[in-house]
Amino acid sequence: MFKKIILILACFSLIGCLPAFAEKESATALEIRQMQTRTYEVKNQKQLMEAMVNVLQDRGYLINESNYNLGVISGYKECKEKRFLGSQFVRYETSVQINQQNNKSYKVRTNYIKKLMDVYGNPSTQKDIKIPEQEQFYREFFSDLDKSLFIEKQGI
Amino acid sequence: MKRKAALFLIFIFVFSFHAPVFAKKEVASALDKRAVQTKTYDTKSENELMKMALNVIQDEDYKIINLDNDLSLITVNKQLRKPRSLAVKMGYYTGALLYTGATFGIGAIVAWVWIKDAHTPYYIERDVTLNVSDLSKDQRKIRINTLEKVFATNTGSPKMIKSIGETNDTFYQDFFTKMDKESFINKQDL
């Protein structure tokens with residue numbers, strides 16, 4: 001009798017763990033695009049691109065590729081991040097793209113990847129590449145871009 | 001009993017002086033960073049300031065890895081070697097002496113490798129991005145930001161990464177001092 005109770009309790013506790021194994025819904029292409037895109041109304045493309053470069057510099061990124069005509073900026077940042085035990089060197093890579101919608105409206109899209117680095121400072125293998133899909137990550141970038149545009153307008 | 005309590009209180013009092021070391025460091029705001037990284041120059045055009053910056057970069061032996069004239073952006077890279085500080089060298093020597101003593105001289109070979117390591121300089125890779133933009137009709141501003149990777153090289157083994165981060169504020173001060181000199185040379189048409 002006692003063994004049966006133990007078995008039933010074990011079954012119940014295992015059922016409790018089930019949600020952890022549930023397949024997580026991955027965001028659709030449209031949802032990801034929505035997260036990564038914002039529209040800005042500025043005087044010209046240069047103002048927006050300069051503000052973007054400043055945001056990337058604020059966040060510690062270095063620019064390794066830029067093209068004004070295509071409205072593309074690529075940057076990277078390497079830093080040390082704290083983990084549960086110890087720390088890890090990571091490399092963030094970003095691309096920002098601007099598309100003109102109408103006369104003064106520009107669409108900005110950004111995406112990031114995060115690479116873990118080995119002890120010699122090289123970005124490690126493909127399996128270590130993570131795409132930070134969290135909305136918070138992009139929200140912070142666009143919030144910084146808003147601030148940067150404000151600062152630029154004030155001429156600070 | 002009183003003596004022990006007094007000693008304990010003195011210990012707590014002395015230890016409290018270390019508290020600021022454990023204090024959470026404030027993260028510099030975007031405006032603070034910009035204040036350190038930016039300087040304004042009186043030039044006729046963005047190109048003039050870009051040329052000045054390029055001259056300073058070349059003086060410093062940097063290699064250009066990206067240049068965008070439309071956005072007035074330059075990214076450069078440099079590899080350099082920096083000797084280990086005296087404190088680090090002292091640490092290596094102390095370790096070597098203690099190890100040699102503890103092993104009755106047998107560990108002297110290992111200790112010798114440590115001493116060689118103490119004299120092997122750090123290997124540094126420094127990337128810098130420069131961004132020039134118009135401020136007013138006669139004024140342009142230049143902003144630089146950096147990323148410095150420090151590798152701790154060891155005798156007979158590959159370089160291991162020690163730290164990654166921005167350079168200290170002294171780098172920005174030095175760079176702008178050189179820019180000031182370049183601005184003077186530029187104005188004198190030398």
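Of the 156 residues in chain A, 22% are buried, a residue being buried if 20 or more other C-beta atoms, placed from the backbone, lie within 10 Å of its own, exposed if 12 or fewer do, and partly exposed in between. The model is predicted, with local features requiring pLDDT of at least 70 and side-chain atom pairs counting only at pLDDT 80 or more, while totals for chains, interfaces and linings use all residues. Residues are numbered from 1 along each chain as its sequence is written, and chains are lettered from A and ligands numbered from 1 in the order in which they are written.

Chain A contains four helices and six strands, defined as DSSP runs (helices H or I, at least four residues; strands E, at least two) and numbered from the N terminus. Their order from the N terminus is α-α-β-α-β-β-β-β-β-α.

Turning to the interface, 22 residues of chain A are in contact with 26 residues of chain B, contact meaning that C-beta atoms placed from the backbone lie within 7 Å. On the chain A side, helix 3 (45-58), strand 2 (62-67), strand 3 (72-82) and helix 4 (135-154) each supply at least two residues.

Most residues other than glycine have a negative phi.

Key: Contact = placed C-beta atoms within 7 Å.
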